[in-house]
Amino acid sequence: MANADFTQLYNHHEREVFAAVMDAAPDYPEIAISNDLLCDVACVALNRLPPRYIRHAVDFSFYLTEQERLQMDQGIVEAVNYAFNFVSARMAMRAQHG
């Protein structure tokens, strides 16, 4: 049996979500000041999306239709917005009970 190297596999949504989180971060300055909170946002967003494991982004994009790409992009935007609101709400709850 060959030694398998799985390090080239990754979830396509990770890079897209990380970029979307950073794009939206200025709209949430109370979260943007904390790396931990930004990571929380990314985790919440990624957990709302179905995983899409790939080896090469070029190959993945080649097999997507325009409709699929638009749906995926919209899903990422919605997941990131939800995640920022979720983390903001959790911060507000902690502040009330803190």
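In the predicted model, helix α1 passes helix α5 in a right-handed crossing. The helix α5 spans residues 66–97. The two pack at an angle of about 55°. Their axes lie 10 Å apart. The helices α1 and α5 are therefore oblique to each other. On the α1 side, the contact is formed by H12, H13, E16, V17, A20, V21 and A24. On the α5 side, M72, I76, V80 and F84 take part. By class, the residues of this contact comprise eight nonpolar, two polar and one charged.

Helix α1 (residues 12–24) also packs with helix α3 (residues 35–47). Here the angle is about 130°. The axes of α1 and α3 are 10 Å apart. An angle over 145 degrees would count as roughly antiparallel; α1 and α3 are therefore oblique to each other. Their crossing is right-handed. From α1, the contact draws on H13, E14, V17, F18, V21 and M22. From α3, it draws on L38, V41, A42, A45 and L46. Nine of the contact residues are nonpolar, one is polar and one is charged.

A25 has a relative accessibility of 4% and so counts as buried. Leaving aside residues up to four places away in sequence, A25 touches A32, L38 and F84. A25 and E66 are 41 residues apart along the chain. Their C-alpha atoms are separated by 27 Å.

The structure contains zero disulfides. The sulfur of C39 has its closest cysteine sulfur in C43, at 6.7 Å. A disulfide requires the sulfur atoms to be within 2.5 Å, so the sulfurs of C39 and C43 are too far for a bond. The closest cysteine sulfur to that of C43 is, in turn, the one in C39. Both cysteines are partly exposed: C39 has a relative accessible area of 39%, and C43 has one of 45%.

Terms used:
Residues are numbered from 1 along each chain as its sequence is written. This is a predicted model: local features need pLDDT of at least 70, side-chain atom pairs count only at pLDDT 80 or more; totals for chains, interfaces and linings use all residues. Side-chain values use heavy atoms; hydrogens and water are left out. Axes are lines fitted to C-alpha atoms, for helices over the stretch in contact, and angles run from 0 to 180 degrees between N-to-C directions. Helices (H or I, at least four residues) and strands (E, at least two) are DSSP runs, numbered from the N terminus. Angles under 35 degrees count as roughly parallel, over 145 as roughly antiparallel, 65 to 115 as roughly perpendicular and the rest as oblique. A crossing is left-handed if the near helix is turned anticlockwise from the far one by less than a right angle, and right-handed if clockwise. Contact means heavy atoms within 4.5 Å. Ala, Val, Leu, Ile, Met, Phe, Trp, Tyr, Cys and Pro count as nonpolar, Asp, Glu, Lys and Arg as charged, and the others, Gly among them, as polar. Buried means under 20% relative accessible area, exposed over 50%, partly exposed in between (1.4 Å probe, protein chains only).
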